[in-house]
Amino acid sequence: MIYYNDNIILIRDMVKSDAQIITDGESAQGWNATVDKYEMRLQHQAEGKSVSLVAEYQGNVAGYINVYPNSEWDAFANQGCSEIVDFGVLEKYRRHGIGSKLMDIAEQIAEEYSDIVYLAVGLHSGYGSAQRMYVKRGYIPDGTGAWYGDKVCEPYADCRNDDDLVLNMSKRLR
C-alpha cells in the first residue's frame with residue numbers, strides 16, 4: 001500500500017527486499033545492523049500486529065518506521081495505545097523531510113487505533129536529533145524515568161548508556 005507520494009518521497013508498506021537494503025545501508029554507516037530485526041518487523045506485519053513502512057527518496061530506500069496499534073511491551077503495554085518502534089532514516093538521506101513525513105504517516109496510522117501514541121528514544125548523543133524531533137512534535141516523557149532492557153532503571157542503579165537505555169514519551173493524538 002502507498003501512503004504518500006509526491007514524486008520525490010514515497011511512503012509505502014515494507015516488503016521483503018527492503019530488509020536487506022536497510023541492513024546494508026546501516027552497516028555502511030558503521031551501525032551494528034542485522035537483517036533479522038527487519039524480517040521480524042515483516043513477520044509482525046504479516047501477523048497483523050504492526051504496520052511497517054519504508055520511505056523511498058528519489059527511488060532509493062531511505063528510511064523506515066513501524067507502528068504497533070496495541071503494543072505488548074514497555075510502559076504502555078496492553079493499554080490500547082499505539083507505539084512507534086524502530087524509526088530511522090539512513091544518514092545520506094537525512095535533512096530532506098523524510099523523517100518528518102514518516103512520522104506524519106505513522107501518527108495518522110496510530111490515530112486510527114488510539115488516542116495516544118508512544119515511543120522510546122535512546123538517551124545517548126546518537127539519538128540527539130530524534131530527541132529534539134520528538135519534543136518539537138509534542139511528545140512528552142511519560143514520567144516513569146529511564147528504562148533499561150524493557151524495565152524501569154531504578155534510581156541510582158548502574159546502567160550502560162547504550163541503545164537499551166531509553167526514555168518513554170507519549171503524545172495525545174486527539
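Two strands are said to pair if DSSP finds at least two bridges between them. Strands (E, at least two residues) and helices (H or I, at least four) are themselves DSSP runs, numbered from the N terminus. By these rules, β2 and β3 pair in the antiparallel sense over five bridges. The structure is a predicted model, in which local features need pLDDT of at least 70 and side-chain atom pairs count only at pLDDT 80 or more, while totals for chains, interfaces and linings use all residues. Residues are numbered from 1 along each chain as its sequence is written, and side-chain values use heavy atoms, with hydrogens and water left out.

Strands of a sheet pair through backbone hydrogen bonds, either parallel or antiparallel. Here, nine strands make up an open sheet with mixed pairing, and their order is β1-β2-β3-β4-β5-β6-β9-β7-β8. At its edges are β1 (2-5) and β8 (151-152), each of which pairs on one side only. Strand β1 is joined to β2 by three bridges in the antiparallel sense, and Asn 5 has Leu 10 of β2 as its bridge partner. Further along, Asp 13 stands opposite Leu 53 in β3.

Seven of its seven residues are buried, so β3 is largely enclosed by the rest of the structure. Buried here means under 20% relative accessible area, exposed means over 50%, and partly exposed lies in between (1.4 Å probe, protein chains only). Val 51, Leu 53, Ala 55 and Tyr 57 point one way from β3, whereas Ser 52, Val 54 and Glu 56 point the other way.

Leu 53 also belongs to the largest nonpolar core, which has 29 residues; among those with the most contacts inside it are Ile 84, Leu 102 and Tyr 139. Helix α3 gives the most to this core, with seven residues. A nonpolar core is a set of buried Ala, Val, Leu, Ile, Met, Phe, Trp, Tyr and Cys residues joined through side-chain atoms within 4.5 Å. Beyond its neighbours within four places in sequence, Leu 102 is in contact (heavy atoms within 4.5 Å) with residues including Ile 11, Leu 53, Ile 65 and Phe 87.

Two further residues stand out for their backbone. Most residues other than glycine have a negative phi. Asp 86, however, has a positive phi near 55°, and Arg 95 has a positive phi near 70°. Asp 86 lies in strand β5 and is buried, with a relative accessible area of 18%. Its side chain makes a polar contact of 3.2 Å with that of Lys 37, a polar contact being a pair of N or O atoms within 3.5 Å; within protein, one must be able to donate a hydrogen and the other to accept it, and residues adjacent in sequence count only if both atoms are side-chain atoms. Arg 95, in contrast, is found in the loop between β5 and α3 and counts as exposed at 85% relative accessibility.
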